[in-house]
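Dear colleague,

My notes on it follow directly after.

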Amino acid sequence: MIIPTVPTTDELLDKGFRRARKAASLKRSSKIPGQKKAKVIESTRVQTACQVIRDRLKMIIQRIPDIESLPEFYQDYIDVTVGVDELKKSLGALNWAVGILNQLESDYMTRIKRSKPSDASRLRREAFGRISSVIKRIDGDLDFLDFAKNKLRNMPTVDLDAFTVVIAGFPNVGKSTLLRTLTGAEPEVADYPFTTKGIQIGHLERKWKRIQVIDTPGLLDRPVEDMNNIELQAMVALENIADVIMFIFDASETCGYTLESQYSLYLGIRSVFDIPIVTVFNKMDLAENVKYLEEYINRVEDPLKVSAFEGRGVSKIIKKLEGLYEKETRKAHDNV
């Protein structure tokens, strides 16, 4: 979601009043009867200032999409990043200011029109004071929207229609290496509010199939019962886009986590997500205690044994994902 540039209170007022002076200058050079000119000039300044400031606020409001109309993944993203309620509150404050500026423009245009020429300047100054007061009341809301703009500028572009595989597992089990090997290119790295490391997005394209692969380092890398609210919201958000979870075990334990700990995380992830899980034992080239390893390999269904670094066994993962893609496609077709 792209939020347009948000001006400060001073920038907004300066632009409105500067444009108002320019509009008034044009009126001064026009052929208007002397008794009417002062009132025309001052009413033009009020009208122009209100219009310029109001139009800028409306542009900001209109360019920010309705949060509730966005896919749930992006709603959760925005909520965790900046807070949906706070964003709505600030947009509501700008909308309030637009309404007040409408009233001020109408009120002071009428008052200046009915006033003596000698009172027109005083009424315009009074109107400018009221305009300034209104805009200063939304100073905090403009600051917040500018903050939101900076936080949301790198929102990841996720293809919500693509068949999506989310990679899960502890740190250093080879998730990023596997992603690069699968997609054949440097994946896009995007900031993600649920983790300080960001997510990585890659695409696997084979035989007219487009599979989106997402790695979430630092997110699904500890037992579910130890996750905080933000991490749990992240899991809910990813559940909205994930068609498959690919859980990676480090068969060598060189990641620093025992296979028992990894298996515990695997069970936690399986209990949360009601979607297919592809289980991959990576770093098989470094595994030494085969008997100990086989104990855990035998605990999971249809495990795949690979070495992402060497590229061994990766073709089996691709074949498995293609099969799941075709199964999902057939199911979607049957439901039409």
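Predicted model: local features only at pLDDT ≥ 70, side-chain atom pairs only at ≥ 80, totals over all residues.

On a 1 Å grid over the protein atoms alone, a pocket is an open set of points where a 1.4 Å probe fits, with protein on both sides within 12 Å along at least five of seven lines; lining residues have an atom within 4 Å of a point. The elements giving two or more residues to its lining are α9, β6 (277-282) and α11 (314-335), and α11 provides the largest share, 5 residues. Of the 17 lining residues, I275, P276, I277, L324 and K327 lie nearest the centre.

**Helix α9**

Helices are DSSP runs of H or I, at least four residues, and strands are runs of E, at least two, numbered from the N terminus.

**Residue D10**

D10 belongs to helix α1 (residues 9-28). Its relative accessible area is 52%, so D10 counts as exposed (over 50%). D10 and I135 lie 125 residues apart in sequence, with their C-alpha atoms 8.9 Å apart.

**Confidence and conventions**

Mean pLDDT (the predictor's confidence in each residue, from 0 to 100) is 87 for the protein chain, and 89% of its residues reach 70 or more. Strand β2 (residues 188-192) has the lowest mean, 57, and helix α5 (residues 120-137) the highest, 97. Residues are numbered from 1 along each chain as its sequence is written, and side-chain values use heavy atoms, without hydrogens or water. Local features need pLDDT of at least 70 and side-chain atom pairs 80 or more, whereas totals for chains, interfaces and linings use all residues.

Note on methods. Buried < 20%, exposed > 50% of the residue type's maximum accessible area, 1.4 Å probe, protein only.
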